[in-house]
Each structure stands twice: as structure tokens, then as C-alpha cells.
Amino acid sequence: MSFRLKTILGIAFIEGGLLLLLIWMGLNMFHQSQEDEVLKHAATITTLFATTTKDAVLSSDLASLESFTDEVMKNPELVYARVLDQNGEVMAERGENEILATPYVQDTRVHDVKQKDHIFDSHAEILEGGRVYGQVQVGLNTDSIYELLDKARSNATAIVILEMSLVALFSFVLGTWLTRQIKALETGAHQITNGVLGYQLKVRGNDELAKTASAFNAMSSQVKQLYEQLSDNNKELEKHIIELSDTNEQLESSKKHLASVFDTMLDGLIIIDKQGLIRDYNSAAESIFGYSPDEVLGRNVSMLMPDPDSSQHDAYINRYLDIGKTKIIGVGREVNGMRKDGSVFPMELALSEASSGNAQSVFTGIIRDISQRKQDETALAMRHKQLKTIQRAQADFISGGDPVEFFEGLLPDILELSDSEHGLIGEAREDEHGKPYLKASALTNIFWDEDTRKFYEENAPQGLEFTNLDNLLGKVILDGKPVISNDPRHDPHAKGLPPGHPPLNAYLGLPVYLGTRLMGMIGVANRPAGYSEEVIERLQPILGICAQLFDALGKERERSENMEQLQQEVAARKRAQAELNSFNETLEQRVTERTNEQQALYLVSSILSTPEISLEEIFNTILIAVLPSLSDQEETCARIIFDDKSYQTRNFQVNQRTVSSPIIVNGEQHGVIEIFFLEEDSLDKKASFEKDKELLLAAISNEIRSTIEYRSSLEEHQKMEIRLHHAQKLEAVGQLAAGIAHEINTPTQFVNDNTHFLQEAFADYERLLETYDSLAEEMTTASPVSGELLNKVKTMADEIDVDYLKEEVPQAIKQSLEGLARISRIVQAMKEFSHPGTEVKTPTDLNRAIETTVDVSRNEWRYHSDLITKLDPELPQVPVLPGEFNQVMLNLIVNAAHAIQEETKEGMNKGEIVISTRRAGEWVEITVSDNGAGMPDKIKNRIFDPFFTTKEVGKGTGQGLALTWSVIVDIHNGTLDVKSEEGVGTTFTIHLPILEAQPS
């Protein structure tokens, strides 16, 4: 390997390794984030589902549970949903029967789902007052996650390929630039060898290669000077001897230099004499063969060769010395070498002859270990075989040829790839009892006598069937896993072989899967080296081709069965056509009739696609415009019966019924479409008329069914949206109930205390008044008032502390009135907030609505926030839905309070929430700002997505801001913007259009 190639490969390997590590870590992080998202999403759905079904479970309202289950199954990610009571009995469930029949097992890791059924099973308990009344179970399809992961891996692979291409280009340019000096040295050596003495290299830089080039230039100059000295000083022998002595010293230095070069060569170099004895042996050869120089010098070079080259080597040299001809001298070729440990390896050998100073011949061998190259060539050849096999298989598959010929053509390729003697390709099937068996699609002829040969020739084209799977062959089908048996005779699953059967020395069975479905298997036998994971890896691409074809064959069988049924229907249609032709109808009449039918269907479709038309109008229009056009109006009449109500043509009368089609809605018959003949002589047309019109009436009935079911589903969906909206509003009211109760409790408490105080004070006053009454009664008499009574009055006044009561009683009454006013204000605010509202927008005082919501939500923010309102007193009234607007403001205030609660810590100051309103042209602007935690950009872009929440599982449904967006943007044609900076705070800005009131 050249220095340049080493430099290029070194740079490429380092860059490629770092890139692969980076992509691997990124994919792992992406995979983990997707799993976390699924866990959070599953918990959110189950919690919301449990909350929705709680009332229905408590009241055992099965109809509502069925409706809720149908609604939640509209989520495309769900494959089933189930509601259980507290005893584990199913109250409602939806999904495929096969999935519902599978026992429920709670999943905790998404990775385990991929190995099981690709469905993430999750549940939530239905709680009321801390008691479990049941649970809901749902299953999420995780295929989209793995599709996303596969796409990420594909993109990463493309990035790796592009990056490695750029690295290769960069490495080539850099390697070329770094090794340009070596190329110059090689050119200089050739120039001196060709006689250009004194040749000088251009020296670049100051590195080791530059110094080597400088030394080369010095050596070249010295050689040139030596040559000039030898040619100019032949006249003076003494001077020549001196110069020769100097030259010998230079030659000795050059010899040492050459010895250094010899020992540092990348390729192995061995010098032998004509007896085959090793005379020199460099470090590279030592690394290749494992022998030290002391172990090989003076010994025959045949010790480095395996037989038969070892025993024939001396003969090759002697033949060359005798006749001057050989197959190896002067020719580079690939041979085998043998290391000190006895291992044999491939190598490139270039052998040449040279003469030493005493005219004795020596042979120089340059050796390069090509083991890695051979391994790469073998792997490349195997990959080429795989690609060739896949390309040929795909071409045969696309051409749509005989599947038997396809498999028979594929089997030899499988045998070649696996280096096997025998093989089988089989499809996994089930009999009428559901018992699995194997049907051979291709099988090598291993039969051993005349009877088995005939059996093979007669049955192989149709595919041999193996019903006994209690053996190595059937273990693959029964277990669905690869089977490797390199000693079948002692394998407990082999079950022996029939007498005369060819020997089975090794066996490999591989299942063929399409997704998670077992389609068949590939079996190969008698590989000389036995089977291993390497052979399984070779055959992996072939398994995918076989899976696709098995699937296509299954669909083809199904298509054939359908075709047979279709042929029967066609035959019946032909018979009907023949009967129709018996009436000698003309082609123009038949075309006109078909045209009328198509026009009728088109007209029905147009009628039904009009959303504002009622069912009664639909039925009357069909009777007037459609059914009469299907036949002669004078000969027939028609009617539609739906939900015990009849719609009919004007000429309707009950006669011999000819054609009818039921109207089925949601699996139940709600009515019928009927056509009657009016004249007896038209009854001979009954058969042909009935056959032609029956399917058409069925199509009209089906169109009516689809329309009714769609309208019913749409109405139910709209009702569900209203219920969900009201449920969320009630949920918000419920969350505020505790805080409002606390708000009411405080004034109620001191009103209660003041009332008790007034009650006691009145009792004291009553006793004092009784004493005053006695004094007044005594004063009405002529006798003077007794001093005892006066003392009693004074003592009583002192006991009840009249001065204290005069001061405190008015204060108690005042405080009680203020408390009652506070309670009244809270109740009024709650009443206004929770008012169901109207479906029509009404001009609303937004400032009043905001103040009401602030009062209602006080308990949510007052402990960790100060709420400031800056409301424009000149703000005009705006047409809104008051209940929905109150809900929006509540969502924004609670979100702001929670954001501040996350940011503030114990001992820190309260946060601040500011709500402001103002008029901005033809719009009203409302802002809600907080100095809470703020949001990063990646979260800010998703806060309005349904079910997205940053709160812990069970503490947020992810619907608040989604509802806020829908109310402001979709319902009120306004705008909703958010600005947020992490660690600073968040501001939501609402703009609502002002519709000026019309003069009365």
C-alpha cells in the first residue's frame, strides 16, 4: 500500500468514524424522544377518556358509553378502546375483533411493543371520591413512530454517503498534496537510473520529505561530480586512487543508505542465492512471515511456502539456471505463503534475477500480503451474487411469469449463495381446520429410487405438501425462528431419515416474514463447512423477495376466487342478457335505458349532496324526478317508506310488486323502495325489468343510507363537540370551586361571628330594657322611685357595658353588610361566568367580563401573584359569545398563574399578571402578560396544538390553549399571538373585530 493511499485512507477513516458516532447518538436521542412522546400522549388520552366516561359508568349508561367509545375511536392512532366496570366486566369496546380478543397487558416501554404487536396498551382508572369505579383501556398504533424512525435512518444514511464522498475527495486532494514530494523523488530516481546524472529536484517546504529531496539532490550532484572526476583524471593514477578512495567512501555511505531504504520498504523483500538460501530479509518480510532474520538467514526459502510450491521451488530455480526459462522469474503472480504459525495466506510475488559483484546470480523477491484484498474481493463477489440474484428475481417477479418457474429459477441462486447441495422454498399455509402445513414452491430432486422419482415428477409441479411438521423442516414454521443444525444425526428435532434417503450433513432453515406475518421458509442443506450467522446474512435479501411473492401469490389466489365468483355472476348476467334478447329489444332501446339509469344515479347523488335539503324533500324529489325515469311512467308507480312514513307517486296503487330494495341505516332496516306494475299485460316484462332495476334500486338505497348515516354522524359529532366544550368549561368551574368556596367562606365566617355577637348584645339589651320597663312603670305612680331600682338599672348597664355595645354593634352591622356584599359579588361573578350563554354573538362589555373572570379565578393567582388590570373605560361593546370569551380569559389567567408558580420559589417576591384592554382602530386589543418562566421556541410553536401540554401526566389535558385558539380565531374571526422569552415572561395578545351597532 502506497504512502499516498495510507494518508487518504487514514483521513477518510477518522472523518467517517466521527460522523457515524454523531449520527448514531442523534438517532438514539430521537428514538428516546419519540418513546417519551408516546408515553405522554397515551397517558393524556386515557385520562381524558376516563374523565369523559366517568358519569356514564357511575350511572351505567351503556348507550352513552358506546357513543363515547365510537367518538374516541375517531382518533386515527387508536386501534381499540374499552371501558370496564369495577368488577372488570366490559361495558363498551370498539376495535377489530382479533385485537379485542387479545388479553390486555399494560405496556410501559414502547420498545417492547415493537417485539409484540406494534400496539401500545395503556389504561386509566375511573375515580370518584377516591374510589375506583372502573377503568378505560386503549391501544395506540406505533407503526407511524417506527416509520418516522426508519425515515430518519434513511436520511442519516444519505448524509453518511454524501459526507464520505466529500471526505474521500478531500482526502485525495490532501493526500496528493502531502505526497507530491515522494512522486518527485521517484521521478528523480528514474532520471538517474536512465543516466541523467546530477538531476535536481525542486524542494518544497522544510519537512522530512523536503530534507530527503535535499539529500537526493546532494547525492545526485556527488554522483555527477564523481563521474566527471573519473573521466577527467585518468591521466594521474595517484590522484585517481585518491579520488577512487573518496568514491569508495561515498559508495559505502550510499550502501548504508540503500540498506536503510531496503529495511524501511513497505513490501517484504527477500534475497536468495542460486541454491535457494536466504541471504537478506527486511523488516516488512519479518512482519509478514513472523520469522526473525536469525531464524531464516542461511535457510532454504522453501520454508516460507506451503506444499506443493515448497517441494518444487528448487527445481524451478535449477531449470532456470540450466535452460534460462521459467514460469516465475521476471513475472509477478499470486502464490500462497506460510507464516511461522503454519497459517497459509495469499501474496503477490515479483521475482527477478540480479548479479552480485563476483558475478554470482542472486534472486530478489518482492512480497505483498493480499489477504485483506482477497477477503474484500470475496465479499464483493458475494454481494455481486446477491444483487444479481435480487435483480433477476425482481425482473422475473415484475414480468408476471409462472410462480413455479420463478421459484425454480431462484432456488439455484440460493444454493450458490449458501454453498449448499440441496434446498427448498415453501409457503406456509393452513388447512380448513386451521392446522399449519408447508407447500413446496421449489425443491431440489433428492429422491432416491424409482418410486420416489415418479412421485416427485408427478407432484412437484403442483407443489408438494408437508403436513407432518414434527421435524427440522417443520420447526421453522412452528416456531417462526431460524434453525441451524450442523449435526442433524444427533439433533433431537431431526426425527431420522427414511431408508435410502441421501445423507443430511448440515441443515439451515430460515422463516420468511412480511412484516410480522409468517409467509413461508427457505431451507438449505449439506454445506461442506456447515452453517453460521454469516450464511443467514447472505440470504437476508432473498427472504424479502420471497415474502413479496408469497404475498402476491396469496392475493392472486384470492383474486382467482373472486374471478371465479365474478365469472359466475357474469354467466348469470349473460343468461339474463339472453332472456332480455329474447324480447327482441333494439340496441338503441338498451342504450337509452342504461343512460336513464346513469342519469338517475347522478341525479340522486346531486340531491343527496345538498346539505340544506331535508329527508322529506329528498324522498319526494327522488319519487318525482328519478324513479319515474327508470321505466314507462304509464306502466309503473313507486313509493318510499321510511320510519313508518310513506312517500309515493301521484298514480300510486298497490298491485303485483315487481322490484323493491330495503333502506338499511346503521345495520337496521328503516324502510323500503318499491316499484309496482299498473297493467296486467306488462307483467310479462317482470323478469327482465326486475333483473335490470334491482341493482339500481339497491344503489339508490345505498346512497340514501350513506347520506342518513353521514348526517347522523355529523350531528352526533357536533353534539359531542358541544358536550366536550361544556365539559371543559364545567371542569374549569369545578377546579375553581374550592377557591371560590374559600373566597366565600372568609366573609361568611365574620358575618357569622358578628351575627352571634349581635344576638348576645340583643339579649343584654333585652334584659336592660326589662329593667327600664320596671323603672318606667314605677315612675308612673305617685310614689318616688326607689333607690334600689335605680341601683339595679345602673348595675345592669355596667354589667352589659352599654358604651362598648354602642361602639361595636354599628361596626358589626357594617362589617356584616360588607361581607354579604362580597358574597353577593362572588356569587354574581360565578353566575355570569358559568352562564351557559347563547349560540348568537351579543354585544358584550369585555371589561365587565374580564373583571368577573378575575373575581372567579382569584384563588388561582392571589397566593403567588399580584393581578393588575388596565382596562380602557371607553372600550366599546364587542359582539361575542360571552361564555366562550369568559373561558378564554380564564385559560389565559390560569396559565399565567401556573407559569409564575413554576418560576417563584419560597421566600421570593410574588409575580405579576397584567391584563389590559384598548381600542386599536376597528379592533379591540386584549393583552394578558406575566413575568413567569417563559417558553422556549420549540414549545412556543406547539402550544396551540390539541393535547399538547408541558405539565405532568394527569395535571393537564392539553386542550385549554387549543380551545382558546378555536374560540378567538375560528368562532370570532379574531387573532391570537404569543410572545415569550425564557426566564422573562409571556404575553398573549387578542384582537377582536368591532361590529358597529346598527341604528334602531
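This is a predicted model: local features need pLDDT of at least 70, side-chain atom pairs count only at pLDDT 80 or more; totals for chains, interfaces and linings use all residues.
## The largest core

Let's start inside the protein. The largest nonpolar core has 35 residues, and those with the most contacts inside it are L846, F885, I913, I915, I926 and L992. Several elements each supply at least two residues of this core: among the helices are helix 22 (846–856) and helix 26 (960–971), and among the strands are strand 23 (911–920), strand 24 (923–930) and strand 26 (985–993). Helix 24 gives the most to this core, with eight residues.

A second, separate core has 28 residues, including F407, A506, M519 and I536.

## A closer look at helix 24

Helix 24 covers residues 882–903, 22 residues in total. From its first C-alpha to its last it reaches 32 Å, close to the 32 Å expected at 1.5 Å a residue. Is helix 24 mostly covered or mostly open? Mostly covered: 16 of its 22 residues are buried.

## The surroundings of I913

Leaving aside neighbours within four places in sequence, I913 is in contact with W861, S865, D866, L867, I868, I893, A896, A897, I900, V928, S929 and D930.

## A nonpolar patch on the surface

Now for the outside. L21, W24 and M25 form a nonpolar patch on the surface, and together they have about 330 Å² of accessible area. W24 lies in helix 1 (residues 3–58). With a relative accessible area of 53%, W24 counts as exposed, because the cut-off for that word is over 50%.

Technical notes
Residues are numbered from 1 along each chain as its sequence is written. Side-chain values use heavy atoms; hydrogens and water are left out. Helices (H or I, at least four residues) and strands (E, at least two) are DSSP runs, numbered from the N terminus. The expected span of a helix is 1.5 Å times one less than its number of residues. Buried means under 20% relative accessible area, exposed over 50%, partly exposed in between (1.4 Å probe, protein chains only). Patches are made of residues with over 30% relative accessible area and no salt bridge: like charges are joined within 9 Å, nonpolar side chains (Val, Leu, Ile, Met, Phe, Trp, Tyr) within 5 Å. Accessible areas come from the Shrake-Rupley method with a 1.4 Å probe; for residues, only the protein chains shown count as cover. A salt bridge is a side-chain nitrogen of Lys or Arg within 4 Å of a carboxyl oxygen of Asp or Glu. A nonpolar core is a set of buried Ala, Val, Leu, Ile, Met, Phe, Trp, Tyr and Cys residues joined through side-chain atoms within 4.5 Å. Contact means heavy atoms within 4.5 Å.
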